[in-house]
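We'll walk through how its pieces are put together.

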Amino acid sequence: MTGRPTPETTASAALFERALAVTPGGVNSPVRAFNAVGGTPRFIRSAAGAWLTDVDGNEYVDLICSWGPMLLGHAHPEVQARVAEAVARGTSYGTPTEPEVQLAEEIVGRTPVERVRFVSSGTEATMSAIRLARGFTGRDVIVKFAGCYHGHVDSLLASAGSGLATFALPGTPGVPVSSTELTLVLPYNDRAAVEKVFAEYPDRIACLITEAAPGNMGVVPPEPGFNAFLAETCSRYGALFVSDEVMTGFRASKLGQWGLDGAVEGWRPDLMTFGKVMGGGFPAAAFGGRADVMSHLAPEGPVYQAGTLSGNPIATTAGLATLRLATDEVYDHIGAAADTIKAAASDALSKAGVAHVVQSTGTMFSVFFAEGTVRDFTDASRTDSTAYAAFFHAMLDAGVYLPPSAYEAWFLSAAHDDRAVQTVLDALPDAARAAAAA
Ligand code: PMP
């Protein structure tokens, strides 16, 4: 033990009490709750750079970064200034605006998509991409991988039935069987399973959707050539390849996961989805892709899709400012900070005798409390959640806010400077020992 005082959390606890009385579970997105690790979530009052301040006045190095968006750190002065100017001009008009054109140009310039449509969440982006894929191909079946999260779209909240190539079961009450009976769920990184379903349903698969590199079961990188294989297989069967870069886009690298494989290997997805970083901390997301596919969207084509706040001027202004500031130096900095933290975490856990594996793709990484390489959801499920819970709370008490779940990436930003990184390094040995004792 360090003798470090446990942080005062009365104000968070009081707010959580009130929240529980008016909001299910006291939170507006389940992963913010501490159900997986126990305890009371900290209510954050403000954030600057790499640091969060809670309502009791405790400060934490933020390793969540709003689950990805805050690539530049919190309250970046230039983003704040652009947003303040935009707010002064009014917050939503329901008409076309210049910032949405500029942001679309920025995304088209940086990714393989030719046309882009803005929405307000990653969920909407994947939902719309799937509708478009079905509308474009005139087919109904979709293929996804177990452990890949694409938002809370009914047809994508599906879990694998028994055996491969069977249609999926609803992943949650409230999703009717009819919503998932056209979804096939396969093990990730499994080429044979992909070959098999395409051979079995050669004329029925509208699209295969995958996280470009899964980050929602912890980081599970695609094995070399896997995404290229998916793109090629889809094309061979006349299905669309939908690469979900909501998490990895403008985060894993300047060009997202595609910058690490497609750009190098010379292939492109038919459709892509984006969110998080491109919204600069505001509700903005997008789907885009081949011009001939995107032209099927209303009002150009027959596939309907719309949104009152889509392309909102504040959100697109924040996203544009963020992407323009996301230079090579930003990614180099985040990559170097990630390398330092990965090495120190691994070292501390090894010294404490805790089974673990660190996995990454570009600047994104996660630490699995499990033995051996994690290449799919079955492997990820071997994570020792009890050890992680003890580790998480020790880190939190030492001023480091990790994701309150063992199955998440740890996010860094350009603002994670030496002081922030050192705070993480200092906290690791005790936390690793707490994990060992759990
Ligand atoms: N796709 C991926 C890969 C995601 O990581 C997420 C969110 N974590 C989503 C889609 C859904 O995005 P949102 O939460 O904005 O609906």
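## A helix across the sheet

Start with helix α3 (residues 98–110), which lies across β4, β11 (271–274) and β12 (285–289). Its direction runs at about 125° to β4. Helices (H or I, at least four residues) and strands (E, at least two) are DSSP runs, numbered from the N terminus. Angles go from 0 to 180 degrees between N-to-C directions, using axes fitted to C-alpha atoms, for helices over the stretch in contact.

Before going on, note that this is a predicted model: local features need pLDDT of at least 70, side-chain atom pairs count only at pLDDT 80 or more, and totals for chains, interfaces and linings use all residues. Residues are numbered from 1 along each chain as its sequence is written.

## The sheet itself

Which strands make up the open sheet? There are 7, in the order β4-β12-β11-β10-β9-β5-β8, with mixed pairing. Two strands count as paired if DSSP finds at least two bridges between them. β4 (115–119) and β8 (183–186) each have a single partner strand, so one side of each has no neighbour in the sheet. From one strand to the next, the twist averages 20°.

Now zoom in on strand β9 (residues 205–211) and strand β10 (residues 240–245), which pair in the parallel sense over 5 bridges. Here Ile209 sits opposite Val242 in β10. Helix α7 (residues 226–236) packs on the sheet, touching β9 and β10, and its direction makes about 150° with that of β10. Two residues are in contact if their C-beta atoms, placed from the backbone, lie within 7 Å.

## The nonpolar core

In soluble globular proteins, nonpolar side chains tend to be buried together. The largest nonpolar core here has 139 residues, and Cys207, Leu240, Phe391 and Ala435 touch the most other members. Such a core is a set of buried Ala, Val, Leu, Ile, Met, Phe, Trp, Tyr and Cys residues joined through C-beta atoms within 7 Å. Helix α11 (residues 328–352) gives the most to this core, with 10 residues.

Ala435 touches several residues beyond four places away in sequence, including Leu349, Phe369 and Phe391.

## The whole chain

Altogether, the protein chain has 14 helices and 15 strands. Its C-alpha trace spans about 65 × 55 × 45 Å along the principal axes. Buried residues make up 52% of the 438 residues; buried means that 20 or more other C-beta atoms lie within 10 Å of the residue's own.

Definitions and conventions:
Buried ≥ 20, exposed ≤ 12 C-beta atoms within 10 Å, placed from the backbone.
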